[in-house]
Amino acid sequence: MSTRPVSQKNADFFQSVFDLVRCIPKGRVTSYGAIAKYLGSARSSRMVGWAMNASHVHLDIPAHRVVNRNGLLSGKMHFSPPESMQTRLEAEGIRVEKDQILDFPKIFWDPNAELSID
DNA sequence: AGCTTGACTTTGA
DNA sequence: GTCAAAGCCAAGC
């Protein structure tokens, strides 16, 4: 079973996303699809992005650790200073070039694989 | 009430 | 490998 309180998918989708993103280890990144899939719908990856848009009210949300499945900083433009996203990633040891994370599959953190291991 | 946009993903050609 | 189209659910107009 899930070790995280994200069972309530019918509950606040945003809260579930925030909770998971908050659990992302430092120096690691994940994709919207991974989060969406963890919540039950990989197709609703857009909702994850939408939820992140509301994450600005929650300063504890490391949204910079969330990128698209391409490892591209798709949401960096939504940061206060767009470059802050890359700065934060590099501050955690993540190499980023041209808005793209290097060694993405290496630092990729899959919640469904790390948390839901049975 | 309906239509458009959006921090995406997947599948098909 | 790339390009185009469909699907997804919610918020905004």
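Start by selecting helix H2, residues 32–39, where six of the eight residues are buried, so that H2 is largely enclosed by the rest of the structure; here buried means under 20% relative accessible area, exposed means over 50%, and partly exposed lies in between, with a 1.4 Å probe and protein chains only. This is a predicted model, in which local features need pLDDT of at least 70 and side-chain atom pairs count only at pLDDT 80 or more, while totals for chains, interfaces and linings use all residues. Residues are numbered from 1 along each chain as its sequence is written, chains are lettered from A and ligands numbered from 1 in the order in which they are written, and side-chain values use heavy atoms, with hydrogens and water left out.

Helices, labelled H, are DSSP runs of H or I with at least four residues, and strands are runs of E with at least two, numbered from the N terminus. Colour the buried residues of H2, which are Tyr32, Ala34, Ile35, Ala36, Tyr38 and Leu39, and then step to glycine 40, which follows H2 and has a positive phi, near 125°.

The axes of H2 and H3, which are lines fitted to C-alpha atoms over the stretch in contact, with angles from 0 to 180 degrees between N-to-C directions, come within 8 Å and cross at roughly 105°. That makes H2 roughly perpendicular to H3, a term for angles of 65 to 115 degrees. In contact, meaning heavy atoms within 4.5 Å, Tyr32, Gly33, Ile35 and Ala36 of H2 meet Ser45, Val48, Gly49 and Met52 of H3.

Now select valine 17 in helix H1, residues 13–22. At 0% relative accessibility, valine 17 counts as buried, and, leaving aside residues up to four places away in sequence, valine 17 touches Ile35, Leu39, Val48, Ala51 and Met52.

Finally, show DNA strand B and the 20 residues around it, of which Arg46, Met47, Met52, Arg69 and His78 come nearest; a residue is near a strand if one of its heavy atoms lies within 4 Å of it. Which helix gives the largest share of the surface near DNA strand B? The largest share, seven residues, comes from H3. Look last for the polar contacts, pairs of N or O atoms within 3.5 Å: a polar backbone atom of methionine 52 is 2.8 Å from a base nitrogen of DNA strand B, and a polar side-chain atom of histidine 78 lies 2.5 Å from a phosphate oxygen of DNA strand B.

Definitions and conventions. A polar contact is a pair of N or O atoms within 3.5 Å; within protein, one must be able to donate a hydrogen and the other to accept it, and residues adjacent in sequence count only if both atoms are side-chain atoms. Angles under 35 degrees count as roughly parallel, over 145 as roughly antiparallel, 65 to 115 as roughly perpendicular and the rest as oblique.
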